[in-house]
Amino acid sequence: MTFWIMIAAAVFSVVLGTGLVYYGQKLFGVCTSQAAGTVVDICQSSFSQDEGYAPVIEFYAQGQKIRSRTQTEKTGRRNRIPFEIGDEVKILYNPDNPRQFLVEGYDQNIIVYVGISGYVAAVLLVIVAFVLE
């Protein structure tokens with residue numbers, strides 16, 4: 001019974017990992033316009049139980065002022081955010097939806113890396129399943 005539970009978890013990890021890799025590549029692919037942004041705040045997330053923090057970025061896209069938090073937050077201590085308020089950052093944004101943006105060097109491709117970790121988890125689960133069998 002344990003064997004099949006581990007195999008099912010491995011399959012789930014692959015499916016989830018594939019979805020995250022696809023979403024990350026799609027997001028990166030649509031964020032083609034560039035802008036200069038400014039970190040205007042570091043907000044504490046209400047989603048995370050272990051004190052997640054995310055920078056709030058302000059930039060102009062197509063004459064419109066955009067102010068939004070990044071898609072990636074760092075959990076743990078506040079000092080894991082590599083920015084201070086007032087720092088200038090490079091932005092890649094979706095020209096069709098400027099609120100969909102990435103901060104260059106911060107949250108670029110993080111979703112893809114998390115998705116790849118799903119594959120690693122699947123391999124480990126299969127190995128453990130066969131060892132316990």
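Predicted model: local features only at pLDDT ≥ 70, side-chain atom pairs only at ≥ 80, totals over all residues.
Let me begin with the overall layout: the protein has 2 helices and 6 strands, and, read from the N terminus, these elements follow the order α-β-β-β-β-β-β-α. As for the contacts in the protein with a separation of 6 or more, 66% of them are accounted for by residues 24 or more positions apart.

Let me turn to the strands and how they pair. β1 and β2 run antiparallel and are joined by 7 bridges, and one of the pairings here sets Gly37 against its bridge partner Phe59 in β2. β1 also runs antiparallel to β5, with 6 bridges between the two, and on this side Ser33 has Tyr93 in β5 as its bridge partner. β2, in turn, is joined to β3 by 6 bridges, again in an antiparallel arrangement, and in that pairing Phe59 stands opposite Ile66 in β3. The hairpin that β2 and β3 form has 2 residues between the strands, and within that hairpin Gln62 takes a positive phi near 55 degrees.

In soluble globular proteins, nonpolar side chains tend to be buried together. Here the largest nonpolar core has 16 residues, and the ones with the most contacts inside this core are Ile57, Phe59, Ile91 and Val103. At least two residues of the core are supplied by each of β1 (33-44), β2 (52-61), β5 (88-94) and β6 (97-103), and the largest share, 4 residues, comes from β2. Val103 lies in strand β6, and Val103 counts as buried because its relative accessibility is 0%, where the limit is under 20%.

Is Ser68 buried or exposed? With a relative accessibility of 18%, Ser68 counts as buried, and, neighbours within four places in sequence aside, Ser68 is in contact with Pro55, Val56, Ile57, Arg99 and Phe101.

The charged side chains come next, and the count of salt bridges is 2. In one of them the side chains of Lys65 and Glu58 meet at 3.7 Å, N to O, and Lys65 counts as partly exposed because its relative accessibility is 46%. Arg67 likewise meets Glu58 in a salt bridge, at 3.3 Å, N to O, and Arg67, with a relative accessibility of 46%, counts as partly exposed. Through salt bridges that share partners, Glu58, Lys65 and Arg67 are joined into one network.

Let me also point to a loop residue, Pro82, which has its place between β4 (74-75) and β5. Pro82 is exposed, because its relative accessible area of 54% is over the 50% limit. Not counting residues up to four places away in sequence, Pro82 touches Asp87 and Tyr106, while the C-alpha atoms of Pro82 and Pro55, 27 residues apart along the chain, are separated by 9.2 Å.

Which residues make the nonpolar surface patch of about 830 Å²? The patch is made by Val14, Tyr113, Ile116, Tyr119, Val120, Val123, Leu124, Ile127 and Val131. Helix α2, residues 110-132, gives the most to this patch, with 8 residues, and Val123 is found in that helix.

Terms used
Residues numbered from 1 in each chain as written. Heavy atoms only, no water. Patch = residues over 30% accessible without salt bridge, like charges linked within 9 Å, V, L, I, M, F, W, Y side chains within 5 Å. Areas by Shrake-Rupley, 256 points an atom, 1.4 Å probe, with all protein chains shown as cover. Salt bridge = Lys/Arg side-chain N within 4 Å of Asp/Glu carboxyl O. Core = buried A, V, L, I, M, F, W, Y, C linked by side-chain atoms within 4.5 Å. Buried < 20%, exposed > 50% of the residue type's maximum accessible area, 1.4 Å probe, protein only. Pairing = 2+ DSSP bridges. Contact = heavy atoms within 4.5 Å.
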